[in-house]
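Hello,

Here is the structure you were waiting for. Please open it first, then read my notes below.

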Amino acid sequence: KAEKGTPDALKVAIIDADKLIDNLLKDGGLRGEHMADRLDQLTSDDVRSIDRLWQAHRYRNELVHEAGPLNEERAKRAIESYKAFLTELDIIA
């Protein structure tokens, strides 16, 4: 979806990537009511890309909960941050 590059496709790609990673965190045994609760349980010693993942997740929350246009540069950075996390965990190459 992100490869389409349209604002709507980028927004959906961010939301989908965030959900995918949240499900992976749950499946990995991290507990909490929200994804933020699960992310709080990780440190940069556990996952080098955790700070980038936090930034991507915060941007996802902005997109979902606040009105306003998509910032294409931030959206692309968020997608890259999700990819970095998934690559670090050897989920994607």
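**Notes on the model**

Aspartate 90 is found in the segment after H4. Helices here are DSSP runs of H or I with at least four residues, strands are runs of E with at least two, and both are numbered from the N terminus. Aspartate 90 has a positive phi of about 60°, although it is not a glycine. At 70% relative accessibility, this aspartate counts as exposed. The cut-offs are under 20% relative accessible area for buried and over 50% for exposed, with partly exposed in between (1.4 Å probe, protein chains only).

First, how to read the values. This is a predicted model, in which local features need pLDDT of at least 70 and side-chain atom pairs count only at pLDDT 80 or more, while totals for chains, interfaces and linings use all residues. Residues are numbered from 1 along each chain as its sequence is written, and side-chain values use heavy atoms, with hydrogens and water left out.

**Overall fold**

The chain has 4 helices and 0 strands. From the N terminus the order is α-α-α-α. The radius of gyration is 13 Å, close to the 12 Å that the globule rule gives for 93 residues, so the chain is as compact as a globular protein of that length. That radius is taken over C-alpha atoms, and the rule is 2.2 Å times the number of residues to the power 0.38. Along its principal axes, the C-alpha trace spans about 35 × 30 × 20 Å. Of the 93 residues, 34% count as buried.

**The core**

The largest nonpolar core holds 23 residues, and Ile14, Ile21, Leu25 and Tyr82 touch the most other members. Helix H1 (7-27), H2, helix H3 (50-65) and helix H4 (72-88) each supply at least two residues of this core. By nonpolar core I mean a set of buried Ala, Val, Leu, Ile, Met, Phe, Trp, Tyr and Cys residues joined through side-chain atoms within 4.5 Å.

Look at isoleucine 21. Leaving out residues up to four places away in sequence, isoleucine 21 touches Met35, Leu53, Tyr82, Phe85 and Leu86. A contact means heavy atoms within 4.5 Å.

**A buried arginine**

Arginine 38 lies in helix H2 (residues 35-39). Is arginine 38 buried or exposed? Arginine 38 is buried, with a relative accessible area of 3%. Its contacts, not counting residues up to four places away in sequence, are Asp22, Leu25, Lys26, Leu30, Arg31, Gly32 and Glu33.

Best wishes
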